[in-house]
Amino acid sequence: MTDELVISGLEVSIGSKKILKGLDLTVRQGEVHALMGPNGSGKTSLAYTLMGHPDYTVDAGTVSWRGQDLLGLTPDKRAQMGVFLAFQYPSAIPGVTVASFLRNIYNAIHHPKQPDASGETSIKYTGIPLAKFRKLMEEKMALLRMDPAFATRYVNEGFSGGEKKRLEMLQMAILSPSMAVLDETDSGLDIDALKNVAEGINASLSPDMGVLLITHYQRMLNYVKPQFVHVLLDGRVVMSGGEELSHQLEANGYDWVRDQVGLPAGVGDEASAPEPVAQH
Amino acid sequence: MTLTQPSTALDAETIARIGELSDEPDWLCNLRQRWWERATQTPPPTGQEEEWRRTSLDALPRDASLLTDAPLLETHLPADAAEAGVILTDLRTAVREHPELVAKHLGVSDGPASHGHFWALAHAAWTGGLFCHVPRGVSVDGTLVARHVIPRSDVAYHPVSLVIAEEGSSVTLLEEIVSPDGGSAGWFGGISDVRAGRDARVRYATLQQLGDAAWRIGAERVVVGPDATVTTLNAEIGSAVTKLGLDVVMDGKGGTSKVLGLLAAGDDQQIDINTVQDLAADHTTSDLLYLSALYDRAHASFYGITNVRHGTRQTSSYQECRNLLLSPQAGAEPIPVLEIEANDILRCGHGATAGAIDPTTLFYAQTRGLSADEAERMIVRGFFEQVVAQISDETIRSRIIDALAVRIGTDSSDEVAA
């Protein structure tokens with residue numbers, strides 16, 4: 001059986017506001033899915049819910065990965081099961097270098113501490129040897145064409161939008177997850193940065209990794225080719241198709257989708273006027 | 001050699017007996033008596049003073065017996081430094097071996113005004129201490145380390161630390177203070193008198209790891225001479241209550257000071273620090289940075305005065321105090337005060353914050369496989385890095401990191417340098 005992420009009937013609210021209203025979606029390992037939708041349709045809420053953000057309450061539905069329930073797990077346990085989220089707005093961690101951060105998270109996922117008989121973690125635990133880790137990091141940085149000096153900077157501190165997204169891709173490359181959710185990894189990037197980040201994604205793609213690419217615009221999909229495209233409107237996946245669906249969206253806008261599925265114009269879009277899809 | 005006199009019963013006669021017990025020279029007995037008079041003339045704080053509004057002395061263990069048989073200061077003095085004439089020794093030893101030098105420097109200056117009573121009391125009732133003297137032009141490469149080990153928790157102890165760096169000298173000194181946890185409350189009233197002469201370079205770090213019942217009522221005065229550069233670091237880890245008064249006097253034209261502080265407190269610890277950055281000469285620079293991580297019900301207060309003196313020109317100063325609250329019951333109160341009496345200044349600013357870790361940052365780190373505790377530890381260590389990165393001395397940096405780890409906790413793969 002192929003490993004799969006199965007989201008079924010997912011209803012999520014933040015505070016008293018209902019955001020996801022019965023979302024169904026399945027992503028298998030080796031597949032690239034694009035999830036497209038206007039602002040406010042619930043894209044980031046889905047990403048955060050998949051990783052267990054404490055502000056989001058799951059009211060109904062299930063999320064399973066490799067047949068195991070994810071919703072009962074803390075974010076770190078989900079990560080240790082191979083699920084990765086590239087943030088739209090990654091956080092800065094002042095005083096922690098990229099190198100130190102990467103080694104810590106690599107160890108957390110690939111060299112978890114083994115408690116001894118008394119339940120205590122051995123004080124001898126050291127994780128991946130430093131030299132071996134540096135080699136891995138340098139290799140992945142070269143793959144993403146990153147300046148080695150990047151490793152000495154503090155995580156996302158004073159980073160440009162493009163640098164933040166590249167660090168997300170570097171983390172993905174080093175952690176090599178089996179299910180990656182990329183939340184608007186294309187947002188805020190100029191065309192060169194977009195190409196660069198897309199190359200990073202393509203370099204990480206493998207038959208062992210499923211990808212859910214969340215995006216507002218079609219342009220990212222010129223560089224990272226999805227096999228499946230879904231449209232998120234008003235907290236639900238209202239339309240699914242192949243790559244051609246993204247081009248139809250680009251040509252016709254989300255109101256075309258609303259017409260097709262019988263939603264009034266503007267529903268599922270926090271901005272009263274739908275945003276253009278392909279003008280940027 | 002003991003003196004079981006409670007500190008409350010200190011009087012001129014007891015002060016005289018301290019001198020007699022150690023067979024001290026007359027000049028020193030007289031010095032003690034003069035400072036005892038000062039102590040009686042300078043009443044202890046009432047709590048109405050701006051610097052004392054946040055720490056009550058009601059529960060100060062004034063009845064604790066004076067520790068008169070303190071173990072000698074443990075010291076490490078690099079061999080080449082000793083050959084070059086650098087002195088690092090217990091103050092009692094220094095009185096015997098270098099009387100002229102000690103007489104010249106001991107008890108000649110006033111301490112922080114907020115701690116005037118305790119400064120005087122320590123000069124009258126000290127029964128141990130540190131003496132460090134770096135002769136003119138001598139530059140010490142290694143790290144000098146001195147360690148006060150207080151054997152019992154329930155005593156009163158008022159050591160005096162005297163650090164003199166003569167003109168053109170350079171020295172790095174770590175002073176550690178330790179006492180056992182538990183037991184009855186004790187009173188640690190140690191004071192530091194630090195002087196950097198013209199063009200001297202001084203790095204002076206204090207690592208306080210007193211037991212959890214201790215009261216630390218300390219004072220430190222640092223005088224920075226012309227073109228001298230002084231970095232001080234106060235790492236406050238232990239004690240039940242700490243009330244530290246720190247004055248940095250920019251006394252000579254062109255002097256520079258960095259005033260660093262690291263506080264890691266938990267349980268019901270109260271840490272209260274008042275500082276004065278006294279910009280008293282032209283072209284002086286003084287930058288202060290205090291960081292605290294507060295767990296459980298710990299509370300930190302910081303009252304910092306920057307005083308740019310009338311008529312001074314082209315001074316530059318900053319004070320920054322940041323507090324990380326790691327529990328809903330922890331609290332912090334940073335209060336910066338700028339007293340600018342001069343017109344021609346380069347810079348004078350301040351920043352103060354107190355807040356919890358941003359939940360989004362914590363979530364971000366957790367999504368990378370770190371548990372909530374691991375993520376918090378990493379963020380706290382990163383927070384402290386702003387000061388730790390400024391500690392150029394390897395010995396001091398690793399000692400401070402180890403001491404902080406007692407509170408923050410450790411992850412074994414932390415030590416990755418990029």
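1. Let's start with helix H2 of chain B, which runs over residues 26–41. H2(B) has 16 residues and reaches 23 Å from its first C-alpha to its last, close to the 22 Å expected at 1.5 Å a residue. (The expected span is 1.5 Å times one less than the number of residues; helices, H or I with at least four residues, and strands, E with at least two, are DSSP runs numbered from the N terminus.) Do bear in mind that this is a predicted model, where local features need pLDDT of at least 70 and side-chain atom pairs count only at pLDDT 80 or more, while totals for chains, interfaces and linings use all residues. As for labels, residues are numbered from 1 along each chain as its sequence is written, and chains are lettered from A and ligands numbered from 1 in the order in which they are written.

2. Which residues of H2(B) are buried? They are Leu31(B), Arg32(B), Trp35(B), Trp36(B) and Ala39(B). These residues cover an arc of only 140 degrees around the axis, so they sit on the same side of H2(B). (The arc is that of the directions from the helix axis to the C-beta atoms. Buried means that 20 or more other C-beta atoms lie within 10 Å of the residue's own, exposed means 12 or fewer, and partly exposed is in between, with C-beta atoms placed from the backbone.) An α-helix has 3.6 residues a turn, so residues three or four places apart point the same way. On the other side of H2(B), Asp26(B), Asn30(B) and Gln41(B) are exposed. The cover over the buried residues of H2(B) includes helix H1 (12–21) and helix H6 (116–125) of chain B.

3. Arg32(B) deserves a look of its own. Arg32(B) lies in helix H2 of chain B and counts as buried because it has 21 C-beta neighbours inside 10 Å. Leaving out residues up to four places away in sequence, Arg32(B) touches Ile15(B), Ile18(B), Gly19(B) and Ala124(B). (Contact here means C-beta atoms, placed from the backbone, within 7 Å.) Gly107(B) is 75 residues from Arg32(B) along the chain, yet their C-alpha atoms are separated by 8.9 Å.

4. Further along chain B, helix H7 (residues 359–366) and helix H8 (residues 372–388) pack at an angle of about 115 degrees, with their axes 9 Å apart. (Axes are lines fitted to C-alpha atoms, for helices over the stretch in contact, and angles run from 0 to 180 degrees between N-to-C directions.) The H7(B) side brings Thr361(B), Leu362(B), Ala365(B) and Gln366(B), which meet Ala372(B), Ala375(B), Glu376(B), Met378(B) and Ile379(B) in H8(B). The residues of this contact divide into six nonpolar, two polar and one charged. (Ala, Val, Leu, Ile, Met, Phe, Trp, Tyr, Cys and Pro count as nonpolar, Asp, Glu, Lys and Arg as charged, and the others, Gly among them, as polar.)

5. Two loop residues of chain B are worth checking. Asp267(B) has a positive phi of about 50 degrees although it is not a glycine, and its loop joins strand S15 (256–265) to strand S16 (270–279). Asp267(B) counts as exposed, with 11 C-beta neighbours inside 10 Å. Asp296(B) also has a positive phi of about 50 degrees without being a glycine. The loop of Asp296(B) lies between strand S17 (285–294) and strand S18 (299–308), and Asp296(B) is partly exposed, with 14 other C-beta atoms within 10 Å.

6. Over to chain A, which has eight helices and 12 strands. Of its 280 residues, 47% count as buried. Among contacts in chain A between residues at least 6 apart in sequence, 72% join residues at least 24 apart.

7. In chain A, helix H3 (residues 98–110) packs against helix H5 (residues 161–175) at an angle of about 35 degrees, with their axes 10 Å apart. Val98(A), Leu102(A), Ile105(A), Tyr106(A) and Ile109(A) in H3(A) meet Leu167(A), Gln171(A), Ile174(A) and Leu175(A) in H5(A). That contact divides into eight nonpolar residues, one polar and no charged.

8. How many residues of chain A are in contact with chain B? There are 32, and they contact 27 residues of chain B. Helix H2 (75–80), strand S7 (93–97) and H3 of chain A each supply at least two residues of chain A's side. The largest share, eight residues, comes from H3(A). The residues on chain A's side divide into 17 nonpolar, 13 polar and two charged.

Note on methods: Contact = placed C-beta atoms within 7 Å.
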